[in-house]
Amino acid sequence: MSTLLISVVDDDSSVRAATDNLLKSRGYIVQTFASAEEFLRSPRLSETSCVVTDVQMPVMSGLDLLAEMRTRGYSVPFIFITAFPNDRVRTSALSAGAIGFLAKPFTGHALIECLDAALEENGGDGDI
Amino acid sequence: MYNQINNFKRSATQFTFGSITLAVVTLASLYLQTHFAETAFGYLLVILLFSLIGSFIASSALSILAIAALAYYFAPPAFSLRIEDPQALLVAVAFFTVSIVGTHLNGKVRQERQAARETAAELRRSAADLKDRENWWRAIFEHNPSMYVMVDEAGTVLNVNTFGATQLGYARSELIGQSVLGVFLEEDRALARKRIRTCLEDITQSQTWEAQKARKDGSVLWVRENAKAMLWADDRPVVLIACEDITERKRTELALQRSEAHLAQAQELSNTGSFGWNVATGEAFWSKEIFRILQLDPQTVPAPELVVARTHPDDRASVQETIDQAMRYPRDFEHEYRLLLPDGSVKHIHARARATRNATGDIEFVGAATDITAARQAEQQLRRSEAYLAEAQHLSHTGSWSWDVHGLDFIYRSAEVDRLFGFDPQETVSIETIRSRIHPDDLPRLKEMQQLAREGKDGRFAYDFRILMPDGSMRHIHSVAHVVVGSDGNVSELIGTHMDVTEQYAARERLECTLAALRESEQRFRDYAETASDWLWETGPDHQVTHLSEHTSAAGILATGLMGMLRWDIACDVEEEPEKWRQHRARLEAHLPFRDLVYRTVNRMGSPIYVRTSGKPFFDINGHFLGYRGVSTDITAIIRADQAEQELRKAQAELAHVTRVTTLGELTTSIAHEINQPLAAIINNADACLGWMNRETPDLSAARSSVDWIIEDAIRASEVIRRVRALAKKGEIEMLPLDINDVVKDVIALVTRELISHQVTLKTELTAALPAILGDRIQLQQVIINLVMNGIEAMDAVTDRTRELVIQSSEDDMGHVRVAVTDSGVGIAENDADRVLDPFFTTKSSGLGMGLSICRSIVEAHGGRLSIVRKQGPGASFRFDLPLHKEVVS
């Protein structure tokens, strides 16, 4: 059981709630955000060990958020999920440094795997 | 004394001459020597002779002397006085006796003769005297200024004095022997006869009466008659009547009586009583009227205190004061006071008195007291009616006036006239000031009216003018006046009234405006009705046609002979559509309005026509149903056009379906996302549920929540599918009452992902609680989706500003619900604006260019209108208006 903090960003409330539910059932500590902007305003930004975010969101997309985090100097791993899986998005996501890219609907197992890989890589260290 | 002296003289003469004669006889006897007896005889003769002179004493003295001489000279002894001879003595005694007796007798005879002579003289004197007296009495009788009449028992005039006859205008001879009744008036004769009888019954008693006598010339004489009967020489009774002419007195008396009566009457009529009051003695005199005024018994002894007692308590002190003043200072006084009479009534008294000094030098007040109650009441009445008049004038804004046409000024004007001109009636206002308030435009007309009135003398006239008030407001005055013609035949004044008719004027203007508006309104509605229909109709309480009015534009349609018929007798489709007519007749029986009843009938030429008619019941003021009024239109052409339109609609619907399906194709990605989202959530939650269950201590509560969410998400996914199916469905058009906001929300659910993927921010401004519209949900969704998709597309090229799409819903003033979709995209070129809504117009590289055209058809099929709105800033705005749903009455 990890005590690492996972941040979930999705503008779809039911998906957000379901993701939250899934991760919590697996014993993760989760915080959810309805938008990228809300996440960026979070006081626990630096404590986040992994970000699970939707790609298509109004105003600021998941890719924009990744870029912003990197700009701010956070190397926290990103897992993208999307309902519009296409190669262009996948490529740009992975090239931007995403650990995982999941198409909706995805299985819980796929997400946990991706998450574990991300946390592994990050070494449980939230900082760079 | 004279007699004594006379007697003495006579006695002395008798004695002297007797003595001488005796001496002579003695000497002669001595000379002749006669005897004693002879000498005695001689002596006796002398004595007797001288006794004739009359004095008995002288005769006696001579007798004694003769005896002495006899005794001395002739009786022996001679020369002595002694008589010795008894014969001689006897002779001497006889001589003495004879001489004394003779002397006495002689004296007696002489006395007798003297007496007889005296008696005769007396008698003569008496006769003359009687004659004189008779003349005297006769003169008195004749000339006494009284009338004397002597009548017998039968009333025949025995005598009348000249004065009496003359007074009556007769000669004495004309009356004497005639009946005295002839000089009485016919009506008094019986009375005169009775009076004569009365006199005769008691002769000793004199009777007095007043009577009228008729003169010969017929004039009347008033007399006072004093009559008494007496017995005439032969015991015949006669009546003596003395009459005194009292005509003058009688006249005076009558005049006095009359004037007293007049005075009394005048006092009574004028309610004026007179009084006198001697201050010194306290004596008072009141005329009858005073008693009447004071309601006192005329027998009451008058006194000022009685007046005070009757005086009204409020005035008592002042009356007492007046009386006290009068007693102290004898001056004229005048006062007014009220009486409170025993019957409770109140009288107003005005009294005046003059102080005079009477014969005895006392101060006496003489005056008059007038009951002025009526005058006071009249005065009060007048004052009250003047007050009422003033009030009435004030309330009715009417002033009365009198105008001097020569002096050109008011002779009189009521307070209200001043008020009408805006002046305080208490102020003095000059005619110039008043004139200055008359509207200058009206002055010439006023002068003209006056001139006309003066010249024409034409009874009454009326005119209007305006008054300009200092506050700038205006008063309208209606004036009615008539002329007054003076004694010289010229118009001297005008009498009239000014009435403030400002309100009436305003009311009239309002009424005229209202009437004009009414006429206009009537015309307007007639125009509406004529424009909107082909003919107007009216039916009576029994629903039979009573009136038909074909418009000229539609003349010739109606069949003839429709008057008096029922609508269902005129219609030809009663059997085909019994339910429609049953409902219609039920509405008519319920006196409810009906609208757009369509029925088939025939026109004048016998061809079938379709008529659409609407009607409203009308009632009298008491609410009694009188019938229906309405309009009808020949809609044959419309009905025929309907079929064609229905065909067109069908084609349009198919086209709309095609475009919808096309749109769905365009939305596939978005729709897939909309379905994938809940599916992703379902999978996650299912996984989570397993996770919760697989824990060492399964968390069932969390697992149950997870399952709940699964259900919600599954429902969400099925909703998306439902919407897509609906849009893809090719179904009948279903017109139902809708809330346009619900339609908008359905659309948003479908396009949300599309907005996100195009990075478009959606802003909705939906007005809550909008009235329902009647429409087909799918078709309206299609319109909104089209507009939204166009908007999203128009913003694709935008990178320099926010891509914002605004959806608004609202209600406008004209009874429409409005939906606007506004983007901030590239906008529409000026020259494209007119064509944007046309079929096959497109600026896109792909697409048929049918989207907006079909939207327009759909909106118009809903009775609405689709339009492009000019907007500030970049982008385009499309708007469609739909009529509100109303309960349609058929």
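Modeller: A crossing is left-handed if the near helix is turned anticlockwise from the far one by less than a right angle, and right-handed if clockwise. This is a predicted model, in which local features need pLDDT of at least 70 and side-chain atom pairs count only at pLDDT 80 or more, while totals for chains, interfaces and linings use all residues. Residues are numbered from 1 along each chain as its sequence is written, and chains are lettered from A and ligands numbered from 1 in the order written.

Biologist: In which crossing does α2(B) pass α3(B)?

Modeller: α2(B) passes α3(B) in a right-handed crossing. Helices (H or I, at least four residues) and strands (E, at least two) are DSSP runs, numbered from the N terminus. Here α2 covers residues 36-51 of chain B and α3 residues 56-74 of chain B; they pack at an angle of about 165 degrees, with axes 10 Å apart. Axes are lines fitted to C-alpha atoms, for helices over the stretch in contact, with angles from 0 to 180 degrees between N-to-C directions.

Biologist: Which residues in α2(B) meet which in α3(B)?

Modeller: From α2(B) come B:F36, B:T39, B:A40, B:Y43, B:I47, B:F50 and B:S51, and they meet B:S59, B:L62, B:S63, B:A66, B:L70 and B:F74 in α3(B). The residues of this contact divide into nine nonpolar, four polar and no charged. Contact means C-beta atoms, placed from the backbone, within 7 Å. Ala, Val, Leu, Ile, Met, Phe, Trp, Tyr, Cys and Pro count as nonpolar, Asp, Glu, Lys and Arg as charged, and the others, Gly among them, as polar.

Biologist: Now the strands, please. In what order do the strands β17, β16, β20, β19 and β18 of chain B form a sheet?

Modeller: Strands of a sheet pair through backbone hydrogen bonds, either parallel or antiparallel. In this case five strands of chain B form an open sheet in the order β17-β16-β20-β19-β18, with antiparallel pairing. The edge strands, each pairing on one side only, are β17 (545-550) and β18 (594-602) of chain B. From one strand to the next, the twist averages 25 degrees. Two strands pair if DSSP finds at least two bridges between them. β16 (residues 535-539) and β20 (residues 625-634) of chain B have five bridges, and B:E538 stands opposite B:R629 in β20(B). Over nine bridges, β19 (residues 608-619) of chain B pairs with β20(B) in the antiparallel sense; B:T613 has B:S632 in β20(B) as its bridge partner. β19(B) and β20(B) form a hairpin with five residues between them, and in the turn B:G623 has a positive phi of about 90 degrees.

Biologist: And which strands form an open sheet in the order that starts with β2 of chain B?

Modeller: That open sheet has five strands of chain B in the order β2-β1-β5-β4-β3, again antiparallel. β2 (157-160) and β3 (207-214) of chain B stand at the edges with a single partner strand each, so one side of each is left without a neighbour in the sheet. Neighbouring strands are turned by 30 degrees against each other on average, direction ignored. Inside this order, nine bridges join β4 (residues 220-231) to antiparallel β5 (residues 237-245) of chain B, with B:M230 opposite B:V238 in β5(B).

Biologist: How many residues does the contact take from chain A and from chain B?

Modeller: It takes 20 residues from chain A and 25 residues from chain B. On the chain B side, the elements giving two or more residues are α19 (636-694), α20 (700-728) and α21 (740-757) of chain B. α19(B) gives the most, with 15 residues. The chain B side divides into 10 nonpolar, 11 polar and four charged residues.

Biologist: At what angle do α1(A) and α20(B) pack?

Modeller: α1 (residues 13-25) of chain A packs against α20(B) at about 155 degrees, with axes 11 Å apart. That makes α1(A) roughly antiparallel to α20(B). α1(A) passes α20(B) in a left-handed crossing.

Biologist: What is the mean pLDDT of chain B?

Modeller: pLDDT is the predictor's confidence in each residue, from 0 to 100. Its mean is 84 in chain B, where 97% of the residues reach 70 or more. Chain A averages 84, with 92% of its residues scoring at least 70. Over residues 124-128 of chain A, pLDDT stays under 50. The model scores ipTM 0.86 and pTM 0.36.

Note on methods: Two residues are in contact if their C-beta atoms, placed from the backbone, lie within 7 Å. Angles under 35 degrees count as roughly parallel, over 145 as roughly antiparallel, 65 to 115 as roughly perpendicular and the rest as oblique.
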